[in-house]
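Me: I am new to this structure. Please take me through it in short steps.

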Amino acid sequence: MAATRALARRAFADGRTRTLSFAAFFAVMALIQVVGYERSYPTHAGRVEFARVWGDDVVVRIFYGVPHDLLSTGGYVAWRIGGTLAIFAAVWGVFAAVRALRAEEDAGRAELLLAAPIARGTLFGGAILGVVGGAAVLWAASWAGLLAGGLAAGGSAYLALALAAVALAFVAVGAVVSQLAPTRRLALGAGMAAMLVALILRIVADTAGSLAWMRWATPLGWAEELRPFTGPRPAVLLLFAAWTVALLALAAAIARRRDVGTGVLSTPDTEAPRLGLLGSSGGQALRGEYGTLLGWAAGIGLFAMVVGLLADTFEPRALSHSIRESIHRVGGASLTTPTGALGFYFLIFVFAIGLFACGQVSAARHEEAASRLETLFALPLSRRRWLLERLGLAVAAALGLALLAAVLAWAAALASGTHVSLPRLLEAGLNCLPSAVLFLGIATLAFALVPRGTALVAYGLISVLFCWYLFGAILGAPAWTLDLSPYQHVGLVPAQGLKVPEALAMLAGGCLAALIGLRAFAHRDLLGD
Amino acid sequence: MSLIAPATTTAADRTRPVAEAPAIETVGLGKSYGHSRALADLDLRINRGEVYGYLGPNGAGKTTTIRLLLGLHRRSEGKARIFGIDAWEDPVAAHRRLAYVSGEPFLWPALTGAETFEFLSRLRGGDDPAYRAELIERFKLDPDKKVRALSKGNRQKVLLIAALAARPDLLVLDEPTSGLDPLMEVAFRAAIAEARERGQTVFLSSHILSEVEALCDRVGILSGGRLVDQGTLGQLRHLSAHTVEATFDGPTPKLPPLDGVRVEDSPEGTLRCEVSGPIQPLLKALADLPVVALTSREPSLEEIFLHHYDHGAGGDGGD
């Protein structure tokens, strides 16, 4: 028992930075939704109008699911965070479980621990217990955010529980893929693919009325069916319990039977050499990032097709003044035409491609943390050149993803009978680049100055600035503070034109930050993990 | 402290033709990490074609020295040059002439051995493919295996083969054999001997004393971030004590106190002492005693090393 406790504490501590970041995000999002709704729609009439416009809208259901009650704060908040935060909870679950199980085996630490008087079941159970502790933190943080907004304690705890239940369901998924895949990377890929399948099932169920039954086929759908604040159905928790316990039992059973350090599925250890792309460090980086790139291309491509297919579902409606004003606040586009809708939803790609850029700098930092740069930089290869090649790869890949989103959205819109101009959509794709380059530069600077904090600074800054852009206005923040977010200066292409001076300023800012970063990186000690 | 006069540097150093510069030269080299001092006041001069052994216990500053030489870490004070080139200022030019094998083989897990050779050699601008193939054979490496699936010793072989096949002017090796089995150790020694015959310079950081004793022309001993002794093995031995062991017919007799002779704990019937300076007084004292056997030998490198480790660790440097 003492061993289990020690292992659980270790697993919890290993994941604490990620868990606390997610917990802070959950708490803030919960609070923002409560306060934002009550500030924006203080009157019953305003809420009725809101429900009339948005209640049946198909595109917003992609993100939030089906609303059941938009006239009460609880119902609104359950819809808004129940849908989006559940996706984040699922991502957290996969990452946390793979970190605690497969990454420990990858690093050889599991072998070390199993050489001690510790049974395989104990090792597995201790790690899972630590991750469950992390899920409890997410639950408490969400609850605290809702309480701080002034929602009822019982209902808030139940809504927070819906998020924690999703997190645990995907911890179980992460536990199973950790048994199957032989490396951390593959396990993460498989876990995220499972998450994507669950999300697509939920989106299909929520947007195509005749397929609503599919909601019962995915944990993300069960979370909706828990119906917090709108006629709760706690019995659905039994589904979660059954799923989680069954998958964890399966994972534990596999863990007891297989060789430590291997997966049920294995990749060949020996293969004939493939010498392509080995001529430069940039080419080799592309080989290493190939899987990551494919994953991003699949995610962005799928989403672009969904957005394109649904671009025409907005119908011109008589919008009230308050609704027009709230749309105006998030950028002033008209959502009632396909181009208007696409302009709004391409914001998601603007943000996603920024995240991708941050991820590329994190990957560069990972090369340093694993000390492989000591091997590289003992060769006649300058640090500037290495980093420049990596940044070039990031920009080229970001451009590729942006154009992929544009072309697929256009093609999907065309297939569903909506004609949108391809050049305008390509412009929308290009519009993703300036802010991505800005954050790439900032992340590079962080990599040069605070290497160990690269991911935290890069992901933290981009998330905070994007959320501030989305929710700052709803919270009634003064205009000049909103202008601090670069996203405030991104045009909603194709609904609006490309904001050229702002875009150029962002490109220049990103390049300047990257140049300072390049210089600083060339002049600092290499820093291991 | 060192037997070789420390290199003097002048303003002309910067402009000195690279063709004449020693393979490695440091003057007053030092490095601090925060408040902890990893290396202080290091003067090294390693000539072309030399095989230099760099000895020291764990944490003595061996890897720090190499990182400063290669320009991977920035020195806090002093100078470091490789063939007259400051590797911090111009790493690309300095690294064209050297190859480095780190103590921990940090490689790309998804690449196979063959792919790693290709990648490293193309970044370097070429190697000797025939010699590479020969080394793969001699070190018994399966080049089609992914690095992920290799043991530490085999990953070390990958780095070692890549470095040797590059035929660089200077090989910088940081405990390159810590994961190798005795058979591979033999292959390693043969490869270093070949490098020496070809006129390559070798900087070998190690704590395997027999390896250094077998391979190196000159040895430096590092302790607590300082170079405490340096010279050829002969020079180091000359300054250190000889060990004299006498066996008696009967119980060990009592010896009068003698200058420069330190009697050590020895089994009954034998006498073991360390003699620094002339051996004459000890021989005279032993002449009248019932000695049945007498051996005298030079100190092993291990004894020299332990002498410095015991007495010089953290101190302000040797003699």
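Predicted model: local features only at pLDDT ≥ 70, side-chain atom pairs only at ≥ 80, totals over all residues.

Me: How many helices and strands does chain B have?
Reply: Helices (H or I, at least four residues) and strands (E, at least two) are DSSP runs, numbered from the N terminus. By that rule, chain B has 10 helices and 13 strands.

Me: What percentage of the residues in chain B is buried?
Reply: A residue is buried if 20 or more other C-beta atoms lie within 10 Å of its own, exposed if 12 or fewer, and partly exposed in between, with C-beta atoms placed from the backbone. Chain B has 319 residues. Its C-alpha trace spans about 70 × 50 × 40 Å along the principal axes. The buried share is 41%.

Me: Which residue just after H1(B) takes a positive phi?
Reply: H1(B) covers residues 62-70, and nine of its nine residues are buried. Among them are Lys62(B), Ile66(B), Arg67(B) and Leu70(B). The phi just after the helix is about 75°, and the residue is Gly71(B).

Me: Which domains does the assignment give for chain A?
Reply: Domain bounds come from an automatic or database domain assignment. The C-alpha centres of the two domains lie 26 Å apart. The assignment gives domain 1 (1-264) and domain 2 (281-529).

Me: Which helix gives the most to the side of domain 1 of chain A that touches domain 2?
Reply: Two residues are in contact if their C-beta atoms, placed from the backbone, lie within 7 Å. On that basis, 18 residues of domain 1 are in contact with 19 residues of domain 2. Helices H2 (16-40), H3 (44-54), H4 (58-64) and H10 (184-207) of chain A each give two or more residues to the domain 1 side. The most, six residues, come from H2(A).

Me: Are H9(A) and H12(A) roughly parallel or roughly antiparallel?
Reply: Axes are lines fitted to C-alpha atoms, for helices over the stretch in contact, and angles run from 0 to 180 degrees between N-to-C directions. The axes of H9 (153-180) and H12 (237-257) of chain A come within 8 Å and cross at roughly 20°. Angles under 35 degrees count as roughly parallel, over 145 as roughly antiparallel, 65 to 115 as roughly perpendicular and the rest as oblique. H9(A) and H12(A) are therefore roughly parallel.

Me: How many nonpolar residues does the contact of H9(A) with H12(A) have?
Reply: Residues of H9(A) including Leu168(A) and Val176(A) meet residues of H12(A) including Phe240(A) and Ile254(A). Ala, Val, Leu, Ile, Met, Phe, Trp, Tyr, Cys and Pro count as nonpolar, Asp, Glu, Lys and Arg as charged, and the others, Gly among them, as polar. The contact has no charged residues, two polar and 16 nonpolar.

Me: Which helix supplies the largest share of the side of chain A that touches chain B?
Reply: The contact takes 26 residues from chain A and 30 residues from chain B. On the chain A side, H13 (281-309) and H16 (372-377) each supply at least two residues. The largest share is four residues, from H16(A).

Terms used: Residues numbered from 1 in each chain as written. Chains lettered and ligands numbered in written order.
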